[in-house]
Amino acid sequence: MRIQSIELENFRQYRGKVLVELGCDQKKNINVIQGVNGAGKTNMLNAIEWCLYDKEGYLEKYSGKKQPIINDAELKELKEGEKATAKVTLRLIDSGGRQTVFERQISARRDKDGITFDGESEAHAYMRIKQDMVELTEREFTVNRILPYGVRSFFFFDGERLDEFFKEEKSSVVRDAILDVSQLSLLEKAIEHLERTISSMRGKIKGDSPKIEDIQEAIREVEGGRENYRQQKRNKEEELSGIRAQLSEIGEKLMGSNEPLVRELQRRRETLSARLKELDETLQDNETETSDRVVERGPAIYATDAIRFALQQIDVRAKKGDIPPKIRETFIRELLDKGECICGTKIRHDSVPRKRIMGLLERAKISEIYEEMVELKYALDPMLKAAGSFTKEQDRLRAEIAGLQRQKSEAQTEQREIETRLKGINVEEITNLEFTRKALEKNEDELIGRIGILGEKIENATRKLQELERELAKELSRSERFKIANQRLELGGDTLTVLARAKEKLVDETRATIEKKTEDYFLNLIWKKDTYADIKIDDDYNISVINRIGSECLGTLSAGERQVLALSFLAALREVSGFDAPVVIDTPLGRISKEPRENIAELLPNFLEHTQVTLFMTDEEYTSQVRTKLAQRIGREYELIYDEERSQTQVKTLG
Amino acid sequence: MSRLESVSGRILNEIASQTRNKAVRHLATEILRFEMENWKKERVHFTEHFEQLISQACPEDQRRDDSS
């Protein structure tokens with residue numbers, strides 16, 4: 001899908017009709033709209049969003065407040081009884097050449113009391129069928145098929161805000177983006193709604209025994225408690241996110257300090273933080289392994305003497321020749337059934353041979369035990385060996401843990417030294433920032449602990465709830481009257497389990513795909529090819545950038561590098577989303593310094609190959625070098641010129 | 001099939017691989033269809049609709065409907 005044209009009429013600084021036709025050629029997939037700050041670039045992006053969704057996501061970029069959509073001068077010149085209208089028309093074309101047109105307009109009238117704006121805008125959508133434009137009755141449905149509002153921010157975005165994605169406190173943004181783009185938020189909603197439906201159905205059952213009512217009451221109580229814990233946990237997580245945002249801001253202030261020593265100490269501290277995070281993870285893995293091994297091998301260790309004794313007994317029997325057994329019960333029974341020995345002697349009833357063979361049968365029963373002893377030996381031998389090597393392996397793990405703890409303690413000591421040195425710097429702002437940071441870190445630790453406790457309470461409540469649900473189902477199954485209700489609850493519960501399992505699996509798969517694609521894009525785009533090796537998205541949706549020596553270094557990326565990471569992440573999300581929509585980026589190179597800017601400009605067309613990309617760039621971004629790098633791929637090129645005298649923007653075609 | 005439909009198809013395929021129970025598959029699919037139609041709507045009245053879907057998918061209900 002490509003944008004053929006954007007037509008603006010009295011939309012903010014665009015007075016009268018302004019038509020911008022974009023290039024739709026696959027090989028020349030880049031369109032550039034250049035203009036100084038305030039010329040109307042962001043408002044053109046707003047116009048696209050407003051036309052499609054009746055929303056303007058980028059409105060507060062500079063002004064911080066909402067301005068009227070209709071052009072100021074038009075409104076001022078409006079005479080009593082007259083009407084002014086702002087209108088945006090967006091023409092899109094798909095790969096099969098089918099054209100869809102979206103329109104939205106809003107009006108205002110002047111009467112004797114002043115100007116009155118329409119409460120709601122008016123929107124239409126048309127599709128070209130042969131020569132005719134046919135109005136589409138389900139406009140919203142058509143928009144959602146092209147690009148739903150929930151995923152539009154991965155297609156239309158502000159380059160200057162891109163790096164916000166990867167600040168530490170933004171893991172929830174990454175999570176939501178992944179869930180939205182892969183439509184897994186659908187599954188999440190379905191699970192939440194089904195859970196509530198089942199709870200409501202359960203509540204409606206009017207029991208004929210006090211026991212059923214008691215269980216229902218207990219379920220309500222546990223459900224209420226769990227919801228309360230969930231709410232508390234959400235609040236705490238939000239609080240934690242706020243604290244992390246403040247910590248990140250302090251970090252940035254220290255990194256941007258005029259004092260070189262402050263910058264150096266902060267950089268070192270960030271490296272140490274990343275190292276500590278890694279050490280904690282490895283420590284946790286080792287500690288889990290240690291306790292798992294105790295659980296797994298504990299029984300064998302406690303039973304070592306018994307195992308050794310059993311093996312000795314087996315050896316004694318083996319030496320005596322009892323093991324392996326010479327007589328098998330099944331073989332003797334076969335002879336008796338057949339009535340003939342292998343030597344040809346007939347085994348008749350009450351005959352001597354029969355009595356002899358029956359005697360062997362008694363001995364064969366003991367042989368069965370010997371046979372089991374052989375099997376037992378095969379099972380006991382490895383257990384004894386594992387128990388023997390347990391101490392050695394545990395000692396190795398303990399030594400490893402001690403080493404990691406030593407490294408952790410050294411890193412923590414160095415962090416404390418950095419803190420003392422920063423507090424000692426004779427600049428009031430730095431000292432204050434350090435004190436605030438320390439207090440925030442304390443709060444952060446407390447909140448992490450509280451969130452952990454709440455998580456445990458939620459898990460316990462869920463377990464209790466499952467127990468009660470089973471109990472209720474058992475009670476209901478006793479009465480014919482509740483047969484249907486019980487089956488419905490069971491069906492709802494089974495469906496809930498299936499949806500939850502599907503979600504878990506798809507979330508993991510999607511995260512792994514996005515991780516891989518982000519890494520491919522990032523390593524392809526980044527100019528420091530020898531520095532970075534890997535991108536990771538963990539279970540909590542934190543993104544890590546791993547350097548060639550294996551350390552995490554997201555915190556030390558420059559603003560430009562973070563922007564490249566964000567561009568890579570967005571490209572990965574776009575690919576996974578399955579939506580073939582155009583990309584519009586406002587100030588794509590705003591935060592990137594000269595040399596990397598040219599590198600990105602050179603790679604950008606290939607990086608979003610086969611996608612129509614419209615770039616709104618300031619004159620500072622769109623340097624002659626950037627233009628040269630993009631030249632081969634530019635479809636259309638415009639300059640927005642703001643005429644201050646007439647308070648309106650004009651569009652000039654370049655190239 | 002558009003790429004978008006194939007994304008939804010991925011969810012439905014995963015559900016199908018999780019269970020062989022036809023009633024569960026049918027109910028899960030219908031619930032997802034409802035969520036797709038109401039995606040991003042702020043207020044969605046789902047309880048009654050879901051109860052109806054459960055009743056329609058429940059084998060015991062179907063047996064009763066057939067015999068009546």
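**View 1. Helix 13 of chain A spans residues 559-577.** Its 19 residues reach 26 Å from first C-alpha to last, close to the 27 Å expected at 1.5 Å a residue (1.5 Å times one less than the number of residues). Helices here are DSSP runs of H or I with at least four residues, numbered from the N terminus. Helix 13 of chain A is mostly covered, with 16 of its 19 residues buried (20 or more other C-beta atoms within 10 Å of a residue's own, C-beta atoms being placed from the backbone). Just after this helix, A:Gly578 takes a positive phi of about 85°.

This is a predicted model: local features need pLDDT of at least 70 and side-chain atom pairs pLDDT 80 or more, while totals for chains, interfaces and linings use all residues. Residues are numbered from 1 along each chain as its sequence is written, and chains are lettered from A in the order in which they are written.

**View 2. Helix 6 (residues 210-255) of chain A packs with helix 7 (residues 260-302) of chain A.** The angle is about 140°, and the axes lie 8 Å apart (lines fitted to C-alpha atoms over the stretch in contact; angles run from 0 to 180 degrees between N-to-C directions). Helix 6 of chain A brings A:Gly251, A:Leu254 and A:Met255 to the contact (C-beta atoms within 7 Å). Helix 7 of chain A brings residues including A:Val262 and A:Arg263.

**View 3. Chain A meets chain B.** Here 33 residues of chain A are in contact with 31 residues of chain B. Helix 12 of chain A gives the most to the chain A side, with 14 residues.

Terms used: Helices (H or I, at least four residues) and strands (E, at least two) are DSSP runs, numbered from the N terminus. Two residues are in contact if their C-beta atoms, placed from the backbone, lie within 7 Å. A residue is buried if 20 or more other C-beta atoms lie within 10 Å of its own, exposed if 12 or fewer, and partly exposed in between; C-beta atoms are placed from the backbone.
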